Amino acid sequence: MVAFPFYLPFPTRGIEFQTALINSSSWSYFKKTNPNLLSHLSMAKTNKKKRPQLIKQEEQIGDIEDLFSEEDTYKIRASLLEWYDKNQRDLPWRTSTKKSENGENVQEEEEEKRAYGVWVSEVMLQQTRVQTVIDYYNRWMLKWPTLQHLSQASLEEVNEMWAGLGYYRRARFLLEGAKMIVAEGIEFPNTVSALRKVPGIGDYTAGAIASIAFKQVVPVVDGNVVRVLARLKAISANPKDKTTVKSFWKLAAQLVDPSRPGDLNQSLMELGATLCTPLNPNCTSCPVSSQCRALHNSRNDELVMVTDYPMKVVKAKQRIDFSTVSVVEISRSQDRSQQTKSNSRVLLVKRPDEGLLAGLWEFPCVTLDEEADLSMRRKLIDQLLKKSFKLNPPKNCNVISRELVGEFVHVFSHIRRKIYVELLVLHLKGGKHVLFEEDDINTTDWKLLDSEAISRMGLTSAVRKVYSMVQKFKQDGSSNNSVPSRKRPKCS
């Protein structure tokens, strides 16, 4: 270990001359990347009296314009990279290197394929846990190993592969981006400005691809990086505020290592994901704890905790709404006792190409702003079926059974939705071809599928929950809410 003198401007103690211990390997890296280090330190010591002796009270909240000193920048880089080299998780989207016979490092993947893999992984990792993403990523890359392969896929195939990850708009943007790049006949964009032109790629994803795949010296800022930086600098300002966000990008840009930009960015994200966690940070194992103002503050004030940084932002209150879903079975038999999987098909409807869950498949449903009773819910479903599919009992179909299956609550990021589920079994007069050959019915927006085909579809978790409830309900027997076939109520 080497005793390394440097300055740390702690907010509660003004500027003090500190001595930190840094291991020999980090010290070697530090000297190599900054040959003028000793002169910098000498100047810093000489100019000590010229520095402000006390940081203002309002700056204790976190001076977002207080950038890293040059000395701290080099030391943090060295410590992070050394820690990352020893502790990084073995993840399938991280490039491995191997030694050739002449000792040179050879990249196993081509640069474009590497960029494509980084893109897919970063999009999947948004709002999703790493352990969940690993299997999805491996399956995705097995099916579409290159950008060209993905560009030939259909949205339905992509949604099927994505099913269960949520936030399906991400998958659509991946497909649209791949098609755009291939159609224009250009190489994979390798700069942030070029990457930002691809659908669905924002500042973070562009920075990740550019730095990791193309070694561009650009920063990345995600939730993990924000947390690490906020604690290093004891920034208590609202992390969602535009001014604060810009400052985090400036701080991250300072730390990017010119020779290993991708690794440095990944080390910051890795630190936030594994050690500098939201609720239980492992400060004793942190490679940059000696530069952490939040840790320093917590040791000098029992009322301060490392987890106070960054500020906890109150989440917007979830909107509450209601939905009534009808699983419509079209049966070939008019006798309920003869209902089998082989003689019935289930109606699925494609959602609009814009908005929530765009382009995905679901059972016929109506969303409500307020709770409605059973009679009103059925009336709304009947109106939908008549308008969209000309299903109008008893004119062109008979109701074999109609049963209330149950209800459950499904939570989106911003919506808490109570979903009512019913099973409606119909028999078409004249057969389905007569009904569905109407000129004004768009047959690309609906499907009649058997249970086996439904199980293979890329359905959202809520739609799968609905179908599972119906399957279980049918196995357990009918409920007391059955509408006898002799009554056959009208749908309008």
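Reader: Which residues form one aromatic cluster here?

Author: Trp119, Phe188 and Phe214 do. Rings of Phe, Tyr and Trp (its six-membered ring) pair if their centres lie within 6.5 Å; planes under 30 degrees apart are stacked, over 60 edge-to-face, and the rest tilted. This is a predicted model, where local features need pLDDT of at least 70 and side-chain atom pairs count only at pLDDT 80 or more, while totals for chains, interfaces and linings use all residues. Residues are numbered from 1 along each chain as its sequence is written, and side-chain values use heavy atoms, leaving out hydrogens and water.

Reader: How many aromatic pairs does a search of the whole structure find?

Author: Six. A pair of aromatic rings is described by the distance of the centres and the angle of the planes. For Trp93 and Tyr137, the centres are 5.3 Å apart and the planes at 75°, so this pair is edge-to-face. Trp93 sits in the loop between helix H3 (70-87) and strand S3 (97-99), and Tyr137 in helix H5 (residues 130-143), 44 residues apart. Helices (H or I, at least four residues) and strands (E, at least two) are DSSP runs, numbered from the N terminus.

Reader: Is Trp93 buried or exposed?

Author: Buried, at 6% relative accessibility. Buried means under 20% relative accessible area, exposed over 50%, and partly exposed in between (1.4 Å probe, protein chains only). Tyr137 is buried too, at 7%.

Reader: Why is the pair of Phe363 and Tyr467 stacked?

Author: Because the planes of Phe363 and Tyr467 are at 25°, with the ring centres 5.8 Å apart. Both Phe363 and Tyr467 are buried.
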